[in-house]
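Subject: Handover of a structure and notes on chain B

Dear colleague,

Please find below the structure that I am handing over to you. My notes on it follow.

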Amino acid sequence: MSLSPYPSTLRPAALLKTLGPLLALAFVWGLFFVFGNRAIGSAEGIESIVQQTVVIGIAAIGMTFIIISAGIDLSIGSCIALCSVVAAKAAIAGHGPAWVISATLLAGIMAGLAIGMLVVYVRLIPFITTLGTLLILRGFALGLANSQAINAQEISWLRFWLNSLPENLKWLVIPPGGWLMIFLAALATGILRYTVFGRQVFAVGSNEQTARLCGVAVDRIKLLVYMIGGAFAGLSGLMLVSYQGQGDPTGATGYELDIIASVVIGGASLNGGVGSVFGSLIGALVMTVIRTGCTLNGIDESTTRIITGTIIVTAVVVDRLRRRAD
Amino acid sequence: MSDGPAGGLRLEMRAIRKSFGTQAALDGVSLKVRAGEVHAIVGENGAGKSTLMKVLSGAHQPDGGQMWLDGTPYAPAHPQEARQRGVGMIYQELSIAPHLSVAENISLGREPRRGILLDRAALRSRAQSTLAELGHGQIDVDAPAGGLSISQQQIVEIARSLAMGCRVIVFDEPTSSLAQADVQRLYALIDNLSRRGLAVIYISHFLEEVRRLATRLTVLRDGRSIAVHEVDQVGDAQIVAEMVGRDIQDLYPRSVRKKGAVALEAILPDIGPITLHYGEILGLCGLVGAGRSEILQALFGLELKKDARIRKDGHTVGPGPRHSWAARLGFVSENRKEEGLALSLSIGDNVCLPALGKLGRLGFLSPARRRQNTGQWIQQLDIRCQSADQNIGNLSGGNQQKAAFARLLEADCEILLLDEPTRGIDIAAKAKIYATIDRLVTDPLQPRAIIMVSSYLPELLGVCDRIAVVRRGKIGHPYPVAETSSEQLMKEATRLS
């Protein structure tokens, strides 16, 4: 019997599967570019798309780990808001970048650890657990900020990440936060593909019983996955402060749906065991391009929502047809 | 109950062809089934049995060929039409609505009405009379069907086909999930159906079953009908040869076994002591539910038993699967799909999962190493696939099982715990697994020790060195294979008290 010498990811069918979300992105963007306002292809248009994608995109990287492990985190929006408050408070209290970043990440990781412990030790299902933490974390955010947005306009090192590029840095093309997102995605892809931990995350999500039978420490993997999700939510909170110039305890409301939709559009299965970090980023871009395109072309809010929802449903249907064809 | 002359031709399929893409699943199958006969269809996995039955039941439309039912052309466009014409299917996976009552399930889709209202009285009496006809009038027609045992649910499904006036009933491996006593009841029920003049088509892997039930059989191979036999005029060897397309001279190879040092000593409370040597295969037999699988799970640490003491090479093995793998103790689960394999992952991921650390250092791993290590087992065990990166869910059952087996080899296991290692796989894959087991246990450099659980006694007698009976959770005294017989083992397994 002859075995193909190439990794299966390089064969045409598999390549198409990987490129599927990218084609969808090109299609949506091209549609707006050709038939609508050309501004979506301008430097400002692209910069704006990236600015709006980074908060969702970075959180979607963490969510990809969670969804591949067959979990879900509905409280990620609340977690991002809490982290944005922590970041803004620490920054205006005069702490330096290292301190602020550590405190923010720690807040996110602790939230993830709490969710993980409820899922692992109390054996609650993630959907219900995180429906609860969605309220709890939002409550913490409001309490910590006294229900007021915390102004951090003046913290220049924070603003730097997602502000418009100054003239001398135009060669970067997109804001540094966009490059950070791409770097983190590459790192996460490497972890999922080239480490024992990464393959164990896939195994737990694909079939928990099999993973247990094969000696995988299932509980530890689940805890780690939610902590990773929290860490990325922390970074996402930092980016939110950078973009909006404030830590807003009522911010990021509803982001959980955009983030989960990004991961699913990117090819992950909510049943676990399947998913790709770059797919999730492209999913996040698809959502932003639709919003930006609709805004630029004067399409009203109600129609924009209907279009976005239709795209999500279509993506899932297409994905199912693709799987059936396998 | 059924029209048409007894013994007349009930169903004829002629030169049926069906392709999926470029793959011909059926390449000219002909089948003639008489009224009042049980007609068996045998063939390896992938021979086209299920595709043929999907064509018959209207789930697939054939690309070529013709069908007749009682002399009139028959070409169902969908399963409902097939049922209306009188062709019913009993699949392995039952299609019971668990929350509806038995009576509602039996009339599902054809509920008796009075005006626009459901006629409850007619619904119940129809169910009662049909079940009584089948000799199972004791089943409560008002009980929710989901609360019945698997075998009773199967009877409800058969009653549904009968109540709809089916003339042909197809059984697809119906005994695979039943205990022995229920199997006997099902046999009696099938005899009953054929006496009523129905045509029964029976798909099975087990030749013993075919001999017990069928009058004639058709052999399928590679999408073609190879031969039709009267069951009492053909030998097993010929049927097997026709199924695999070559002679399998010796299904159970047995090299010279040399019993070595003690490999495993276990004391399991309430179960009994187990001693296993290198170079030997210990078989565990018993009825379904006797606790055979639980013994392997306890040895492997999947089920942690209090006060269990498991020693390998004189050293205590820690609790849980992780310690077992580290001690070179491996396990193949009887539930390949639910427990054994992660179906959405690649062959390589599945094979290497217990020993990912081998593929790199410091928590990193190399996909190239994974491909290379897995490729070696793919060659050695003849796993039919495109590459190690292929999704394991796309493989046939036999090849999946070989991959589950490869996992133990990749983890360098010295003791292999095999739970029904050949369940539901075709005969060629079985032969490969028997040969591999024999090779492992007689390996001159590293003879392994194996415990194998099976419901199939000929297999245990063919493969093992010693066989012990498990009854009511306890393990009996192991007999050397030469000093026992299937009669003796069966007697001990079914002994009361």
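Which residues of E15(B) lie on one side, which lie on the other, and are they buried or exposed? Ile281(B), Gly283(B) and Cys285(B) lie on one side and Leu282(B) and Leu284(B) on the other, and all are buried. A residue is called buried if 20 or more other C-beta atoms lie within 10 Å of its own, exposed if 12 or fewer, and partly exposed in between, with C-beta atoms placed from the backbone. In a regular strand the side chains alternate between the two faces of the sheet.

Before I continue, some conventions. This is a predicted model, in which local features need a pLDDT of at least 70 and side-chain atom pairs count only at pLDDT 80 or more, while totals for chains, interfaces and linings use all residues. Residues are numbered from 1 along each chain as its sequence is written, and chains are lettered from A and ligands numbered from 1 in the order in which they are written.

Confidence

The average pLDDT of chain B (the predictor's confidence in each residue, from 0 to 100) is 87, and 96% of the residues score at least 70. Over residues 1-6 of chain B, pLDDT stays under 50, and the model has 13 contacts for them beyond four places in sequence. Two residues are in contact if their C-beta atoms, placed from the backbone, lie within 7 Å. For the complex, the predictor gives an ipTM of 0.84 and a pTM of 0.76.

Chain B as a whole

Chain B contains 17 helices and 23 strands; helices (H or I, at least four residues) and strands (E, at least two) are DSSP runs, numbered from the N terminus. Its radius of gyration, 25 Å, is close to the 23 Å that the globule rule gives for 497 residues, so chain B is as compact as a globular protein of that length. This radius is taken over C-alpha atoms, and the rule is 2.2 Å times the number of residues to the power 0.38. The C-alpha trace of chain B spans about 75 × 55 × 45 Å along its principal axes. Of the 497 residues of chain B, 46% count as buried. Among contacts in chain B with a separation of 6 or more, 68% are between residues 24 or more positions apart.

Strands

Strand E15(B) covers residues 281-285, and five of its five residues are buried. Two strands are said to pair if DSSP finds at least two bridges between them. Four bridges join E15(B) in parallel to strand E20(B), residues 449-453, where Ile450(B) is the bridge partner of Ile281(B). E15(B) also pairs in the parallel sense, over four bridges, with strand E21(B), residues 466-471; there, Ala468(B) stands opposite Leu284(B).

Strand E11(B), residues 216-221, has parallel pairing over four bridges with strand E3(B), residues 38-42, and Arg216(B) of E11(B) stands opposite His39(B). Six bridges join E11(B) to strand E12(B), residues 224-230, and these two run antiparallel. E11(B) and E12(B) form a hairpin with two residues between them, and Asp222(B) in the turn has a positive phi of about 50°.

An open sheet of four strands in chain B has the order E14-E13-E16-E17, with antiparallel pairing. Its edge strands are E14(B) (272-277) and E17(B) (315-316), each of which pairs on one side only. E16(B), residues 309-312, is joined to E17(B) by two bridges, and Lys312(B) stands opposite His315(B).

The side facing chain A

In chain B, 32 residues are in contact with 26 residues of chain A. Helices H10(B) (321-326), H11(B) (336-340) and H13(B) (367-381) each supply at least two residues of this side, and the largest share, four residues, comes from H13(B). The side divides into 15 nonpolar, 10 polar and seven charged residues. Here Ala, Val, Leu, Ile, Met, Phe, Trp, Tyr, Cys and Pro count as nonpolar, Asp, Glu, Lys and Arg as charged, and the others, Gly among them, as polar.

The buried residues of H13(B) include Arg370(B), Arg371(B) and Trp377(B). What covers the buried residues of H13(B) includes helices H12(B) (347-352) and H14(B) (397-410). After H13(B) comes Asp382(B), whose phi is positive, near 60°.

Yours sincerely
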